[in-house]
Amino acid sequence: GKSSSSSSSNSMVGGHDEDHPCSTIVSGKKHRHQQLNRFLSKTFHMVNNVDADEISWNQRGDSFVIEDIDEFSKTTLPLYFNHSNY
């Protein structure tokens, strides 16, 4: 895996002590972090691989634009995400 940063909270993630009160919190943060990484990775892949007429990066490259949100929600989004929370 990735090496942890100098943050003290990251140092507990690898081998946390079940009896330590912070171990559950750190494990939960790691799980949320992994979920966020998957979401961002899927989103980045989607924007880069879908037809630019449907979704594309803005001119500065710091956000993306969806041309037809209804069509995109029906056709493209389900190919990348398995839920309907969009």
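User: Is Phe81 buried or exposed?
Analyst: Phe81 is buried, at 8% relative accessible area. Buried means under 20%, exposed over 50%, partly exposed in between (1.4 Å probe, protein chains only).

User: What kind of model is this, and how is it numbered?
Analyst: The model is predicted: local features need pLDDT of at least 70, side-chain atom pairs count only at pLDDT 80 or more, and totals for chains, interfaces and linings use all residues. Residues are numbered from 1 along each chain as its sequence is written, and side-chain values use heavy atoms, with hydrogens and water left out.

User: How many aromatic pairs are there?
Analyst: Three, from a search of the whole structure. Rings of Phe, Tyr and Trp (its six-membered ring) pair if their centres lie within 6.5 Å; planes under 30 degrees apart are stacked, over 60 edge-to-face, the rest tilted.

User: What is the geometry of Phe39 and Phe81?
Analyst: Tilted, with 5.5 Å centre to centre and 40° between the planes.

User: Which parts does that pair tie together?
Analyst: Phe39 sits in helix H1 (residues 23-49) and Phe81 in the segment after helix H3 (77-80), so the pair links parts 42 residues apart in sequence. Helices are DSSP runs (H or I, at least four residues), numbered from the N terminus. Phe39 is partly exposed, at 43%.

User: And Trp57 with Phe64, what type of pair?
Analyst: Edge-to-face: 6.1 Å centre to centre, 80° between the planes. Trp57 is partly exposed at 32%, and Phe64 is partly exposed at 34%.

User: Which residues make up the ring cluster?
Analyst: Phe44, Trp57 and Phe64, linked by ring pairs.

Key
Helix = DSSP H or I, 4+ residues; strand = E, 2+ residues; numbered from the N terminus.
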